[in-house]
Every structure is written in structure tokens, then in C-alpha cells.
Number of protein chains: 2
Amino acid sequence: MTAGFPSAEIIRDAHERIKPYINHTPVIVSATMDRMFNSHIFFKCENFQKVGAFKARGATNAVRSLDTETLRKGVATHSSGNHAQALAWAAALAGTKAFIVMPSNSSPVKIEAVKGYGGIITFCEPTLEARETTLQKVVEETGAVEIHPYNDLRIIAGQATSALELITEIEKLDMIIAPVGGGGLLSGTALSAFYFSPGTVVVAAEPVMADDAFRSFKLGTLVPSVNPQTIADGLRTSLGDLTFPIIKKHVGSIVTVSEESIVSAMKFIWERMKIIVEPSSAVPFAAIMEHRINVDGKRVGIIISGGNVDLDNLPW
Amino acid sequence: MTAGFPSAEIIRDAHERIKPYINHTPVIVSATMDRMFNSHIFFKCENFQKVGAFKARGATNAVRSLDTETLRKGVATHSSGNHAQALAWAAALAGTKAFIVMPSNSSPVKIEAVKGYGGIITFCEPTLEARETTLQKVVEETGAVEIHPYNDLRIIAGQATSALELITEIEKLDMIIAPVGGGGLLSGTALSAFYFSPGTVVVAAEPVMADDAFRSFKLGTLVPSVNPQTIADGLRTSLGDLTFPIIKKHVGSIVTVSEESIVSAMKFIWERMKIIVEPSSAVPFAAIMEHRINVDGKRVGIIISGGNVDLDNLPW
């Protein structure tokens, strides 16, 4: 273990902490896919997780790590995506409030979802600066504690539990592929593989339209994305200073995929597996379909990160 | 057991016969759904079955029941739906041919699917008469044996194995709801409940636009549908003279649902459960949403019959 990284024990503790609240998600397989790619592919289905995404794991771990007094004042974040829903849900379940700062141009579907989980929304201008200053104000006014979507060790340890479950259930994986946005899921996955299945390589897949992780990994220094436009909306964020060092140390490689192949992979998974996955979730499989990752003869785990899509606005 | 109905032993034998080839499909639950309807709902997911529908069970049982000499000549049917795919798949897996008569206006997606499983297609005019005479000709020319989509005791016994698995896994169900088209799935489900879980009532749900089972059940005599137009394309067929007597004797009640509620239920299941179900599969849940069936405080099984949809032509 490197100083500052969540240890194996911290990840195991996180799993024990969140177990009563989250779903132990299923691992599913497809004979057709296996035949097609001459491999054994195991899909770890976080689309079946609470709130429809792995984010429920990290949010629950963060919320449940707070002492009673802190928890009482509530939690806060700025997010227009799954973390907003996950934090609102985790807070409500723990009997406290979640203050969510959302850009004014957030999709109505996502606003309704956060409200549905009891989140208290403050709208702001759709810029990173406005989001951060508004969140600052909300935190000052309410005394709520900020829970960052990924650059937080409690979040990383929480997200690591998905790979922990996968590794425990499916032995001798040659590889786990995870999508990368801010790096919470990827860094957690890499740590779990390193601690609990040292023979398993972790590979990241990223949209070429939001390739900050690919570039940072290559340069060895953090290069943020500037206003990326990928359809994989969960992956538009840039790596953080807590997630990047873990990724640099424990991820085998990062590959990028085109927008077209993300949409094809998503549709292919819907058609063949009969499960709803969001564009971000299709990115690892797109990397296989594009032959960016060689899975021939291998046992491969894929983290299906979530299934929250707007069914009235599908990308095909 | 009534003379002419598949016995408990025949259904158990069918299960043993098809087990090596079919998927033991998962049963999934949703805390949200349970809270919403104050019940425990167990979804038996035949959308995760081979070829994406329960039809793989009956087709496999029928094909694997044939003696070697008969099997060698192949099997035949007329169908534009899941039975066509299932029979093509089951035949190929058993090393024989499937001759499929399809109406010339079948959707390209379905034609491709049948071809993909190795089915040998003969096209005909899109009328029942043309389908039957063309099939007759194909059977005469090839010596293949006809496997009817539902009015066949081997098919009924095969379809019964889905409820058998559900009942074995989930105890003390108050009710199982299944959709009804030709009645293969429904009659099989009713027999399995009767033999293996006598306290469980079987209720059928049917589109009001294709309500031949509802009317036949009420009148006590077979009344076929005439050119029904429901979106639930798997349920446009009429009951057969083998399925109807079983349904009359062993089904508790039949309820009907509107087209609008089928689409709402389908979309609701996609959004909340993150699984792809076809319109026919959403009919039982539509009956719950429309309050046609009271599930308050009950343990309810629902057979999700399949997940084959054309993603480019969704009904919303």
C-alpha cells in the first residue's frame, strides 16, 4: 500500500459498512458474446445498483463514515449526474439532508430524479465556477459537509467494492475493464484488483472526445479536459489529484474509443444482453468491439457502471 | 391430472430434457416496485432466456423429444415471431434443419434473427391461409415435422418449466401472472402451479385489443381473435384446442389492459428495472398498474416472457 491510498482493510471495511444498504449486483454472461470474441466476459451489473449506478456505493460509504453530529447537518455536492441522485438517496436513507447544486440546464429527468430521492436543489449558472461558488455558499449557510463525486478517499473506497464483489465471485480474471471519468470507479477498481487479485490487469476505457485520463496517463501529469462533448455524460469530468496517483500506479493501460462505437456498443448490449446500460457503461465494451483491447482467450470482467438513460432521447 | 393434459412427471421430464441447453433464468426484484404496490413482486426473466424469450423452452423440448430418424428430416413451423427464432435455434443446436414459413411482410429484424440461427426461410403471402398451405407444402417436400407454436403438448410442457423454476426458487407465491396469446405459456404456467404450488393462483393478462382468451374464458367456448392490432405482437394469436381446456380448468381469472397501459408499463420496467422487455412481457405489469389485479400485501410472480424489440421502433 502506498501512503494516502485506501488500504485493503479500508476497502473491506467500506464493503461491510455499505452492505446493508446497497444491492449485491449480479454478474451476467452471454454465450453469444463469448463466442463472438473467443473469451469469457463477465459483466458486473451496477446498472442494477440502487439509483441505477455504482455511485450508490461511494455515496453510502461517505455518508455512513460521518459522525452523528456532522451527519445531522447534511451533505452537499454539485453534480448534474448519478452522484447527485446517489448522494440524495444515501442521505435520505441515513435520515439526513442532501443539498445538491445543479446547473440550470440540467435535464428535467435528472432534476426530477434528485427531487424524487428527497434532494434539496439549488440551481446555478452552468459553469464550473458558478457550481463551485454556489456550493461554497450552500455549505456555509447550512453547515453541510461537501462530498466530492470522486476526489475523496471514502468515495474511492466505496467504488472499489464493486470490483471486490466481482473478484470474490469470479476467480482468475485476466483483466477488468472499467470506464474512466473522474477516476473514482477506476482507481477503486485498480486498488481492489491489486489487493485481492494481483494477477488481474485493470484497463481503462475512455471516450476519445474526453481523453484527459489517456493524456494524463501518457504524460504522467494531470491534464484536465476542457468542455468535452462526449455522449458518455458520466465521463466528461477530469481526473482528480487523489484518483490520478492511484491510476498512474495501478492501472495497466488506458484506451480511447470513438463516439460511434460507444453508441454501437450500447445498442449491441441492449439487443443481446437485454439490459439497459447508459452510454458511459458501454465504453469498455466499445473498446473490445473496436479491437483496442485484445481479449482473445481471456477471462475479462467489465464494470457496467450504470443504467440511467432518458428513454425519450436515445442516441440512435 | 386430467386426461390429455401434461402430467407433473411430464413437466419434470421436460425440465430435465431441456436443462443442458436453456438458461436457468434469474428472478429479480425491485424495492421501489414493492414499496409502490405494497407487495413482493418476483420477475421471472425469460427475456434473459436463449433467443430472448421463453419460446426456447418449448422448442427445445419438442425438438429433443423427436426420435433420431424424425429429427434427421428437420422441423418446420410458420411464425413471424419468437417461436420462429426459438425453433431455428433449437434445431441447429440439435444438429438438424428448421424450415420456417414467414409472411413476406415480416420485419427485417426478425428475418435476420431467424437466418442468424440458421433457419431456412420460405416466404408467403401475409395471410393465415397462405401460411398454412405454404407450411403444408414445405412439410411435404422436406419430410420435416411441424412444431406448432403453442397447440402442442410438448410445447406446453416446455413452457411450463419457467413457472416450475420460479415456484422452486420462490416459495409461497400467492399468485403468478402470465400474459396470454396462444396460451402455451399460460397453460404451462397454470399446470405447474397446480402440480407444484397448489396454493398459488394463476392469473392471465391480455391486451383488450386481442381479448380472445378473455372472451373464450367467459363464454366457456373458444372464440378466436380476428386480425387483432395490439402492440403486444406476441399475443395476437388465438387460443388453441389443446391450450384452452387447460386454461379453463386451471386459470383463476383473465384480465385485459389497454394499449396505453402496455406501453407505460413497458417503459416503467425499462426505467426502473433496467431490463429490456418486449410489449407482450409488460402486459401482466400493466394489469397491476391499471389496478385490474389486486396485489396488496401479496407475493406475486410475473413471467417476463421475452425481450425482443426493435430498438429503432420503440412505441414512445
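This is a predicted model: local features need pLDDT of at least 70, side-chain atom pairs count only at pLDDT 80 or more; totals for chains, interfaces and linings use all residues.
View 1. Ten residue pairs, with both residues at pLDDT 80 or more, are in polar contact between chain B and chain A. On the side of chain B that touches chain A, the largest share, four residues, comes from helix H12 of chain B, which spans residues 259-273. By class, that side of chain B is made up of nine nonpolar, four polar and five charged residues. The count of salt bridges between chain B and chain A is two, and in a salt bridge between the side chains of Asp312(B) and Lys267(A) the distance from N to O is 2.8 Å.

**View 2. The area buried between chain B and chain A.** Chain B contributes 18 residues to the contact, and chain A contributes 18 residues. Between them the two chains bury about 1400 Å², with 62% of this area on carbon and sulfur atoms. Of the area that chain B buries against chain A, 43% is supplied by Lys274(B), Ile276(B) and Leu311(B), which is more than any other three residues supply.

**View 3. The surroundings of Glu46(A) in chain A.** Glu46(A) lies in the loop between strand E2 (40-45) and helix H3 (55-65) of chain A. Because its relative accessibility is 0%, and buried means under 20%, Glu46(A) counts as buried. When neighbours within four places in sequence are left aside, the residues in contact with Glu46(A) include Gly52(A), Ala53(A), Phe54(A) and Arg57(A). Thr25(A) and Ser162(A) are also in contact with Glu46(A), as are Ile303(A), Ile304(A), Ser305(A) and Gly306(A).

Technical notes. Residues are numbered from 1 along each chain as its sequence is written. Chains are lettered from A and ligands numbered from 1 in the order in which they are written. Side-chain values use heavy atoms; hydrogens and water are left out. Contact means heavy atoms within 4.5 Å. Buried area is the accessible area (1.4 Å probe) that two parts lose on being put together, summed over both. A salt bridge is a side-chain nitrogen of Lys or Arg within 4 Å of a carboxyl oxygen of Asp or Glu. A polar contact is a pair of N or O atoms within 3.5 Å; within protein, one must be able to donate a hydrogen and the other to accept it, and residues adjacent in sequence count only if both atoms are side-chain atoms. Helices (H or I, at least four residues) and strands (E, at least two) are DSSP runs, numbered from the N terminus. Ala, Val, Leu, Ile, Met, Phe, Trp, Tyr, Cys and Pro count as nonpolar, Asp, Glu, Lys and Arg as charged, and the others, Gly among them, as polar. Buried means under 20% relative accessible area, exposed over 50%, partly exposed in between (1.4 Å probe, protein chains only).
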